Amino acid sequence: MNEKPLAGFGTVVVGGSRGIGGAVSALLADLGAGVVVNGRDATAAEVTVATINNAGGRAVAHAGSAADEAVAEDLITLCEKEFGAVDALVNCAGAPEPPGSSILRVTPAEFRDLIDVHLGTVFATCRAAAPKMVARGRGAIVNTSSFAFLGDYGGTGYPAGKGAVNGLTMAIAAELAEHGVRANVVCPGAKTRLSSGTDYEEQIASLQRRGMLDEVSAQGALDAPAPEYVAAMYAYLVSDLASKITGQIFIAAGGFVGRFDRPSPSLIGYRDHHGSPPWSIDEIAAMLA
């Protein structure tokens, strides 16, 4: 196997200055890619870039919120300028729910901010990168979701945004397959700023007490591995080793690698509407009893 399987690749890592994104940026560079490191904190982005370059990699920083259309476009333009093309876009940006957030207490502004950070960022960057990739007939998009989209961890804008990221990514994968562009999702489990601290620990304990999380899930949330343990899944999906993989939702949590099966409907009842009346609520109740 090529020791540098990403040699010659131009990549953009959104939210790439620290946490999971920082580990992904470092690994992509170590595997030969040129990396545009994005983050809202300019200092953090510059530190990550300096670390990569000092280790012999190639990286440049561009700070700002990638949910901003102008920033998203600038990231793609910078990648083309510095590294020749955009071979891969990786979205790792995220923000936590406010402590104790629930549908009973969240404000509309808080909800909109969370949707913007998660779904808005993925939309803006994919919208900027996709035409460039289609024009070249190749490219890989890897977006970050979360187990939270299942609702088990409560919250509002975070699970809603992550669930929307899944749907948007699946639609992108279907639409761009004919152009040689792939799109996949990773649901990571790692210890980051979002999954550390007293507020986070109290939230997990509360979810367990209320029966929303079982003991195994709660312990896993509190004892997550370092971000380096999930970075390889992102790098694999960026690489040509995954040239046949698109439209899938993967799990990377420490030594655990998994995949969410695509949801499919199960038949509960059927009759031809051309010759039958609508189901009554009593009939539906009987079928679902």
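## A crossing of two helices

Is the crossing of helix 3 and helix 4 right-handed or left-handed? In this predicted model, helix 3 and helix 4 cross in the right-handed sense. The residues that make this contact are Ala 72, Glu 73, Ile 76 and Glu 80 on helix 3, together with Ala 124, Thr 125, Ala 128, Ala 129 and Lys 132 on helix 4. By type, the contact residues of this pair are five nonpolar, one polar and three charged.

Two packed helices are described by the angle between their axes and the distance between the axes. Here, helix 3, which covers residues 69–83, packs against helix 4 at an angle of about 40°. The axes of helix 3 and helix 4 are 8 Å apart.

Eight of them make an open sheet, and you can trace their order as 3-2-1-4-5-6-7-8. The pairing in this sheet is mixed. Strand 3 (58–63) and strand 8 are the edge strands, each pairing on one side only. From one strand to the next, the twist averages 20°.

Helix 4 touches strand 1 (10–14), strand 4 (88–91), strand 5 (139–144) and strand 6 (181–189), and the direction of helix 4 makes about 175° with that of strand 4. Helix 5 touches strand 5, strand 6 and strand 7, and its direction makes about 155° with that of strand 6.

## A hairpin

Next, look at strand 7 (residues 249–253) and strand 8 (residues 256–260), which pair in the antiparallel sense over five bridges. Which residue of strand 8 is the bridge partner of Ala 253? The partner is Phe 256.

Strand 7 and strand 8 form a hairpin, with two residues between them. In the turn you will find Gly 254, whose phi is positive, at about 65°.

## A cavity

Rolling a probe the size of a water molecule over the atoms shows where empty space is left. How many cavities of 30 Å³ or more does the structure hold? The structure holds one, and the largest cavity contains about 50 Å³ of space.

The largest cavity is lined by Asn 91, Ala 93, Val 117, His 118, Thr 121, Val 122, Thr 144, Lys 162 and Val 165. Helix 4 (108–136) and helix 5 (157–176) are the elements that give two or more residues to this lining. Helix 4 gives the most, with four residues. Sorted by type, the lining has four nonpolar residues, four polar and one charged.

Definitions and conventions: Residues are numbered from 1 along each chain as its sequence is written. This is a predicted model: local features need pLDDT of at least 70, side-chain atom pairs count only at pLDDT 80 or more; totals for chains, interfaces and linings use all residues. Side-chain values use heavy atoms; hydrogens and water are left out. On a 1 Å grid over the protein atoms alone, a cavity is a set of points where a 1.4 Å probe fits but cannot get out, and a pocket is an open set with protein on both sides within 12 Å along at least five of seven lines; lining residues have an atom within 4 Å of a point. Grid points are joined across faces, edges and corners, and a volume is the space filled by probe spheres set on the points. Ala, Val, Leu, Ile, Met, Phe, Trp, Tyr, Cys and Pro count as nonpolar, Asp, Glu, Lys and Arg as charged, and the others, Gly among them, as polar. Axes are lines fitted to C-alpha atoms, for helices over the stretch in contact, and angles run from 0 to 180 degrees between N-to-C directions. A crossing is left-handed if the near helix is turned anticlockwise from the far one by less than a right angle, and right-handed if clockwise. Contact means heavy atoms within 4.5 Å. Two strands pair if DSSP finds at least two bridges between them.
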